[in-house]
Amino acid sequence: SRGVGVAVVSAVLLFSHLQLRADQWQFIKAFPDTSITKGNTVHGLAVDPEGKLWVQFWNAMPGDSVQEANGTKTPVRAIYIFDKNGNNVSFSPITILSGAGVHDTLFVTPTSRAVTNRGLTRDHQGNILASVFDALYRIDYKTGTVLKKMQPFPNTALTAPAVDGDGDIVIGTVLPGNPLKIFDKDFNYLGNVTDVANGYSRSVAVSKDGKDVYYAGYTLHAVQWYHSTNGVLGPYVLADTILKGFD
C-alpha cells in the first residue's frame, strides 16, 4: 500500500479530460543514481525553487541515527535534500527538525517515540510542507530550519498535504472516517472539504484556485473529486468519482 520507490522515480498522473495519458511521459534517467534508495521505499518527494529535490524514506537509511545522552545511537527517518547535481546539500540529511521553538528528533524506535514520514509538498512560497506522523512542518527550503508546526489530527497519521495558490492547505488522515481539513497559510483552521473521508489514503491534491480537491483513497479503488464554487470557503460537494479501478 505504500508503493515502491525505485531510484527516486515518482509515478505521475496526468488528468486530460479524465484520461490517463502515460504515453506523454518519457524516462530520462535515475536521479541521483540507481543506488539512492538502497532498497528503501520513497514516501515523499518535492522540488523547491532552487531545484533541490527533497526526499522522505519510509524506513531509516543505513547509518542514519542520533546519539542520545547515554551514548546510545538511535535510528531516525531522515529527510534528504539533493542539489541539481545529485549531491547532499549542507543541511542534508535532516535528522532533527529544529526552529521556531521546535526541536523534534525523527526517531524510529522505541515505539513510544516512533515517527513515520508521510509526504512532502512545496507550498505557495517554495518552502516545504512535511507530514511526519501526526505533525505538519513548514521547513525553510534555503536553510532546512522549521518555520511552523501544527498537529491537525493529534496521534493520527497524516496524508501528504496539498496546497493551493494562496497557500491554503488541505490535509487528511491515513485512516478512514476523519475529515479532510482546510487550513490557511498561517495554519489557522478554516473548515472541512468533507466531514468524513472514505478509504485508507496517503495523498490529496487541490487545484490552484482551491475550487477542486482530489482525494486518493486507495481502498476506494478510485479518486473522489470535490468541488466548491467558493474555493476553500466552501461548501464542497462530491462532484464525481473518477479513475474507477485505480489504486
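Let me start with a definition: a residue is buried under 20% relative accessible area, exposed over 50%, and partly exposed in between, using a 1.4 Å probe and protein chains only. Thr72 is partly exposed, because its relative accessible area is 38%.

Hi everyone, and two words on where this comes from. This is a predicted model, in which local features need pLDDT of at least 70 and side-chain atom pairs count only at pLDDT 80 or more, while totals for chains, interfaces and linings use all residues. Residues are numbered from 1 along each chain as its sequence is written, and side-chain values use heavy atoms, with hydrogens and water left out.

Back to Thr72. Thr72 sits in the loop between β5 (65-67) and β6 (73-75); strands here are DSSP runs of E, at least two residues, and helices are runs of H or I, at least four, numbered from the N terminus. Not counting residues up to four places away in sequence, Thr72 touches Val66 and Gln67, where contact means heavy atoms within 4.5 Å.

You will find Asn127 in the loop between β10 (117-122) and β11 (128-132). A polar atom of its side chain lies 3.2 Å from the backbone nitrogen of Tyr141. Leaving aside neighbours within four places in sequence, the contacts of Asn127 include Arg138, Ile139, Tyr141 and Leu147.

Ile139 brings us to the core. A nonpolar core is a set of buried Ala, Val, Leu, Ile, Met, Phe, Trp, Tyr and Cys residues joined through side-chain atoms within 4.5 Å. The largest one has 23 residues, and those with the most contacts inside it are Trp54, Ile79, Leu97, Tyr137 and Ile139. Two or more residues of this core come from each of β7 (79-82), β11 and β12 (135-139). Apart from it there is another core, of 13 residues, among them Val170, Val193, Val204 and Tyr215. As background, nonpolar side chains tend to be buried together in soluble globular proteins.

Tyr137 is worth a click. Beyond four places in sequence, its contacts include Leu97, Val102, Asp104, Val132 and Lys149.

Tyr137 also lines the second largest pocket, along with residues including Asp104, Phe133, Lys149 and Asn155. β9 (102-105) and β12 are the elements that give two or more residues to the lining.

Which backbone angles deserve a look? Phe133 has a positive phi, near 55°. Phe133 lies in the loop between β11 and β12, and is partly exposed at 26%. Asn155 has a positive phi too, near 65°. Asn155 is in the loop between β13 (146-150) and β14 (162-163), and is exposed at 66%.

Finally, the peptide bonds. The one from Phe31 to Pro32 is cis, with omega near -10°, and Pro32 is in the loop between β2 (19-20) and β3 (42-47). Another cis bond joins Ser92 and Pro93, with omega about -5°; Pro93 is in the loop between β7 and β8 (96-99). For context, most residues other than glycine have a negative phi, and most peptide bonds are trans.

Technical notes: Polar contact = N/O pair within 3.5 Å; in protein donor to acceptor, adjacent residues only side chain to side chain. 1 Å grid on protein atoms, 1.4 Å probe; cavity = no way out; pocket = protein on both sides within 12 Å on 5 of 7 lines; lining within 4 Å.
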